[in-house]
Amino acid sequence: MIIVSLQSEVPAYEQIKAQIKAQILSGVLTADEPLTSMRQLARDLRVSVITTTRAYGDLEAEGLIYTVQGRGCFVKGNAELVRGQYLRSVDDSLKTAAEKGKAAGLSLLELTSKLEEVFYGQRD
């Protein structure tokens, strides 16, 4: 189930990509599982095929899905590998944020508060 808000500041293709990515990384979508066709997803969400094509193209470029000509798009079997890469990137980013926060004199509570703001989208 994918939901797109056309009133959001986030482009529709980014919303689609983020939701599919989350489903893959959480295991809801599994290796070699077919995705809804781009045309069908565009109809279901009432967006253009260009929008769904962009989302699927980005997911393929990130290594999360693959395309079989004439058959459609499928989930790649490397979700755990990609998830591991994301977690390492998160660790690196949090380490950098902690170091910069300490240098700026922030307490752990202040740094945690800033992370929550970013996580929940309450910050510019």
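**Notebook: a loop, a helix pair and a helix end**

I began with Gln69, which is found in the loop between strand 1 (65-68) and strand 2 (72-75). I note that the model I am reading is predicted.

Is Gln69 buried or exposed? I looked up its relative accessibility, which is 77%, so Gln69 counts as exposed; the cut-off for exposed is over 50%. I then looked up the separation of Gln69 from Ser26, 43 residues apart along the chain, and found 27 Å between their C-alpha atoms.

Next I turned to helix 2 and helix 3. Helix 2 covers residues 38-45 and helix 3 covers residues 49-61. Their axes come within 8 Å and cross at roughly 120 degrees. I recorded the crossing of the two helices as right-handed.

Which residues of helix 2 and helix 3 meet? From helix 2 I listed Met38, Arg39, Leu41 and Ala42, and from helix 3 I listed Val49, Thr52, Thr53 and Tyr56. Sorted by class, this contact has five nonpolar residues, two polar and one charged.

Last, I checked helix 5, residues 108-119. At 1.5 Å a residue, its 12 residues should span 16 Å; the expected span uses one less than the number of residues. The end C-alpha atoms of helix 5 are 16 Å apart, which agrees with that expectation. Just after helix 5, I found that Gly121 takes a positive phi of about 75 degrees.

Terms used
Residues numbered from 1 in each chain as written. Predicted model: local features only at pLDDT ≥ 70, side-chain atom pairs only at ≥ 80, totals over all residues. Heavy atoms only, no water. Helix = DSSP H or I, 4+ residues; strand = E, 2+ residues; numbered from the N terminus. Axes fitted to C-alpha atoms, helices over the stretch in contact; angles between N-to-C directions. Left-handed = near helix turned anticlockwise from the far one by under 90°. Contact = heavy atoms within 4.5 Å. Nonpolar A, V, L, I, M, F, W, Y, C, P; charged D, E, K, R; others polar. Buried < 20%, exposed > 50% of the residue type's maximum accessible area, 1.4 Å probe, protein only.
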